[in-house]
Amino acid sequence: MRRTIDWKEVECLEQPSTVECGFFVMRFMKDLVADPSMLCRRDFNGKKTYTQAKIDEVRIEWMNFVIELDI
């Protein structure tokens, strides 16, 4: 029995610049883990992009994680 995938078209979040792509993706993954149902909504709850503060939040979490490794 073959399963079919019901693909849905969604509006993608827009990255504010090319410099922060990794942090932008990490922010998106963090939000997705916190609320997996956001993929079921076509407009990501009206969110178009992340503010610099939201991207910086992930940047700080990553820096703290690396600092705690104490390599």
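Trainee: How many aromatic pairs does the structure hold?
Mentor: Keep in mind that this is a predicted model. Ring centres have to lie within 6.5 Å to pair. On that basis, the number of aromatic pairs in the structure is two.

Trainee: Take F24 and Y50: what kind of aromatic pair do they form?
Mentor: Their centres are 5.3 Å apart, with 70° between the planes. Planes over 60 degrees apart count as edge-to-face, so the F24 and Y50 pair is edge-to-face.

Trainee: And how far apart in sequence are the parts that this pair ties together?
Mentor: F24 lies in helix α1, residues 21–34. Y50 belongs to the loop between α1 and α2, with α2 covering 52–69. So the pair links parts whose separation in sequence is 26 residues.

Trainee: Is Y50 buried or exposed?
Mentor: Look at the relative accessible area, where under 20% means buried. For Y50 the value is 5%, so Y50 is buried.

Trainee: What about W62 and F65, stacked or edge-to-face?
Mentor: Their ring centres are 5.6 Å apart and the planes sit at 25°. Planes under 30 degrees apart count as stacked. So the W62 and F65 pair is stacked.

Trainee: Which helix are W62 and F65 in?
Mentor: They are three residues apart, so about one helical turn separates them. W62 is partly exposed at 42% relative accessible area, and F65 is partly exposed at 43%. The helix holding W62 and F65 is α2.

Trainee: Which residue's charged end sits over the ring of F23?
Mentor: An Arg counts here if its CZ is within 6 Å of the ring centre and within 35 degrees of the ring normal. The charged end in question is 4.7 Å from the centre of the F23 ring, and it belongs to R59.

Conventions
Residues numbered from 1 in each chain as written. Predicted model: local features only at pLDDT ≥ 70, side-chain atom pairs only at ≥ 80, totals over all residues. Heavy atoms only, no water. Phe/Tyr/Trp six-rings, centres within 6.5 Å; stacked < 30°, edge-to-face > 60°. Helix = DSSP H or I, 4+ residues; strand = E, 2+ residues; numbered from the N terminus. Buried < 20%, exposed > 50% of the residue type's maximum accessible area, 1.4 Å probe, protein only.
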